[in-house]
Amino acid sequence: MSTMLEVSGLTHQYGQGERAHVAVRDLTFTIESGQLACIVGPSGCGKSTLLRCISGLIPATGGSVRLHGDEVSGVPDDLAVVFQDYSRSLFPWLTVAKNVEFPLRWQKVPKADRKRRAEEVLESVGLSGVGKKYPWQLSGGMQQRVSIARALVSRPALLLMDEPFASVDAQTRGELEDLTRRVQRELGSTILLVTHDIDESVYLADRVLVLSKSPAAIVADLDIALPADRDQITTRESEQFVSLRSEVARLLQSPQVQRTGEADTTDAAHAAGESGDAAGARTDAGSGAGSDRFTETHGTAESSDETATARS
Amino acid sequence: MSAPTVAAKRGRILGSAAVTWLVFALALSAWELIALGADTVYFPRMTAILGTGADILLSGPAWRLMLGDAVFDIVLPSLATALGAWAFSAALGVALGTALGRSRWAMDYCGTLISFLRSVPPVTLMPAFMVMFGIGKQMEIAAIVFSTLWPIVLNTVDGVRSVDQVKIDTARSLGTPRRYWLGMIVLPAAMPKIFAGLRLSLSIAILLMVVAEIVGGSGIGLRISTTQSTVQYTEMWFWVLLLGALGYALNSALLAVERLVLGWQPAREDDA
Ligand SMILES: Nc1ncnc2c1ncn2[C@@H]1O[C@H](COP(=O)(O)OP(=O)(O)OP(=O)(O)O)[C@@H](O)[C@H]1O
Ligand SMILES: [Mg+2]
């Protein structure tokens with residue numbers, strides 16, 4: 001396996017002087033070709049910043065990003081991003097088909113080819129026949145499918161996804177997760193997906209990188225040895241899955257992750273956050289104010305080292 | 001179950017088209033009756049006004065579709081002035097607004113000046129325009145351009161400035177080349193605001209056309225001032241109503257263009 005992405009010493013600081021805010025500090029990791037890696041970290045820890053640096057949308061203030069060996073400066077050609085906010089990411093003045101064709105325009109693909117490829121990729125995300133509609137005429141889940149199709153149409157070497165399923169309902173979310181895995185295997189693409197949802201990261205990934213609170217640093221790098229064919233119900237209830245997600249949850253709760261500067265030290269949630277969440281099916285790596293809302297409802301997992309190998 | 005919705009739909013259609021015209025017709029009838037009762041020269045009957053209007057507009061030969069001289073000598077030149085000046089403003093204003101909006105610092109320097117220029121009631125500047133351009137078409141055009149330009153500029157700046165950051169990131173990550181940036185991303189995103197500016201300035205253009213013509217002595221404006229001073233109130237009222245009709249027609253035409261250009265927008269209330 002060749003290395004697709006090499007991030008070394010990546011640091012990003014917003015602002016200067018007094019108002020400076022370090023969002024990402026000294027991150028180092030690599031992603032191999034054909035991998036589906038998830039980065040999971042608490043809300044506001046710098047996940048989006050990391051993706052924006054990797055995609056060349058903002059220049060990192062320190063360190064380097066290499067995409068199959070080439071230093072990233074500016075937006076690379078063979079990289080695509082799926083943003084969380086599909087409704088803002090799709091161009092409302094273009095039809096669905098034109099949205100999907102959009103990246104091909106700049107790659108000098110003839111018009112007929114563009115059309116055909118857009119149709120193909122729309123079909124592969126389960127959206128044949130909506131090409132002539134406008135994005136706002138589709139449901140949220142369909143819109144996110146469109147933006148996934150648009151990201152895939154130019155067959156990027158690396159696909160970055162920033163909390164892509166955070167704003168769709170649970171049902172759609174499951175469908176989109178399965179879609180992502182299927183498409184990734186069909187196209188053999190490399191995907192780096194960022195999420196704050198522990199279950200989602202374990203369910204989707206071949207590998208999970210756990211980030212600390214702001215400024216983001218990697219606290220663990222887990223191989224997810226679940227079978228390649230995953231199912232929303234059976235995989236999620238398997239012992240392996242449950243122990244893995246407990247592992248990730250525990251890592252996110254560990255003092256390492258909590259080591260933070262300023263505002264967060266006053267966080268009284270440390271103790272409060274332990275209480276079990278009866279619903280418990282999905283856990284959030286601290287969405288909103290309660291930053292420690294990880295729940296460990298089922299106490300199933302003791303040490304899960306058989307299934308997960310902590311590399312760091 | 002579908003019966004109420006069908007009825008509701010029918011009600012809405014009736015409401016939008018037939019009923020508004022019915023109300024309009026009722027207002028004209030009410031005018032007729034009130035004028036009949038009042039019986040004063042200042043307030044002629046609606047039938048008389050419309051009759052005069054028909055005489056003026058439809059007094060021509062058959063080969064001109066009966067259109068009278070007034071259409072060619074008065075109405076069309078006035079319209080051409082207003083529309084021409086407005087179109088010039090639109091082109092200049094969108095270009096200027098785009099440049100100002102795209103520039104990082106231009107609005108810091110010029111923002112206040114433009115807001116100030118927009119706030120000056122253009123009617124009060126008529127003497128200045130007369131001194132600068134003399135009396136004639138040039139003065140009329142200058143007055144209309146000056147008063148319609150700033151709303152278009154400011155709306156365009158606003159539109160160009162308010163392009164969503166996520167769309168900018170998306171476009172960049174999809175490799176949109178710089179030279180396509182304006183046409184593919186910025187202007188489409190700004191278009192709704194630009195059209196709002198265009199519609200606002202179109203009504204200003206009609207207003208300034210009449211004022212400039214009254215001051216300068218030409219076209220519809222001249223007819224209004226002449227008929228007023230020679231106590232031909234029936235004809236005066238006709239020209240006033242004609243201005244209303246022209247304004248309505250132009251606004252409707254622009255709305256139609258807007259619907260064509262902005263057809264991608266989710267359905268919205270029309271403020272025709
Ligand atoms: N443009 C910016 N200027 C200054 N600070 C910023 C900017 N963007 C983000 N930040 C700060 O950097 C930190 C990390 O932000 P980022 O958006 O990367 O977090 P995130 O992990 O993606 O959060 P979320 O899970 O809510 O999406 C936050 O504390 C945020 O306030
Ligand atoms: Mg984010």
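This is a predicted model: local features need pLDDT of at least 70, side-chain atom pairs count only at pLDDT 80 or more; totals for chains, interfaces and linings use all residues.

Visitor: How many bridges join β4(A) to strand β5?

Guide: There are 2 bridges, and the two strands run antiparallel. Strands here are DSSP runs of E with at least two residues, helices are runs of H or I with at least four, and both are numbered from the N terminus. Two strands pair if DSSP finds at least two bridges between them.

Visitor: What about the turn in that hairpin of β4(A) and β5(A)?

Guide: It has 2 residues between the strands, and A:His68 takes a positive phi near 25°.

Visitor: And which strand pairs with β1 of chain A?

Guide: That's β4 (residues 62-67), antiparallel to β1 (residues 3-14) over 5 bridges. In that pairing A:Leu5 stands opposite A:Leu67.

Visitor: Zooming out, how many helices and strands does chain A have?

Guide: Chain A comes to 11 helices and 10 strands. Of its 312 residues, 55% are buried, where buried means under 20% relative accessible area, exposed over 50% and partly exposed in between, using a 1.4 Å probe and protein chains only.

Visitor: Okay, new topic. How many residues does each chain put into the contact?

Guide: Chain A gives 22 residues and chain B gives 22 residues, with contact meaning heavy atoms within 4.5 Å. In chain A, the residues that lose the most area to chain B are A:Arg88, A:Trp93 and A:Trp106, together 36% of what that side buries.

Visitor: What's the area buried between chain A and chain B?

Guide: About 2100 Å², with carbon and sulfur atoms giving 69% of it. Buried area is the accessible area (1.4 Å probe) that two parts lose on being put together, summed over both.

Visitor: How many salt bridges are there between chain A and chain B?

Guide: The count is 2. By salt bridge I mean a side-chain nitrogen of Lys or Arg within 4 Å of a carboxyl oxygen of Asp or Glu. B:Asp169 forms one with A:Arg52, their closest N and O atoms being 2.2 Å apart.

Visitor: Which elements of chain A supply at least two residues each to the side that touches chain B?

Guide: β6 (79-82), α2 (86-89) and α3 (96-105) each do. By class, that side of chain A has 14 nonpolar, 3 polar and 5 charged residues. For the classes, Ala, Val, Leu, Ile, Met, Phe, Trp, Tyr, Cys and Pro count as nonpolar, Asp, Glu, Lys and Arg as charged, and the others, Gly among them, as polar.

Visitor: Back to salt bridges. How many turn up over all chains?

Guide: A search of the whole structure finds 25. In one of them, A:Glu163 meets A:Lys47, with the closest N and O atoms 3.6 Å apart. That pair links distant parts of the chain: A:Glu163 is in the loop between β7 (158-162) and α6 (170-187), A:Lys47 is in helix α1 (residues 47-54), and they are 116 residues apart.

Visitor: Are A:Glu163 and A:Lys47 buried or exposed?

Guide: Both are buried. Another salt bridge joins A:Glu175 and A:Arg145 (3.0 Å, N to O). A:Glu175 lies in helix α6 and A:Arg145 in helix α5 (residues 140-152) of chain A, so this pair ties together parts that are 30 residues apart in sequence. A:Glu175 is partly exposed at 38% relative accessible area, whereas A:Arg145 is buried at 14%.

Technical notes:
Residues are numbered from 1 along each chain as its sequence is written. Chains are lettered from A and ligands numbered from 1 in the order in which they are written. Side-chain values use heavy atoms; hydrogens and water are left out.
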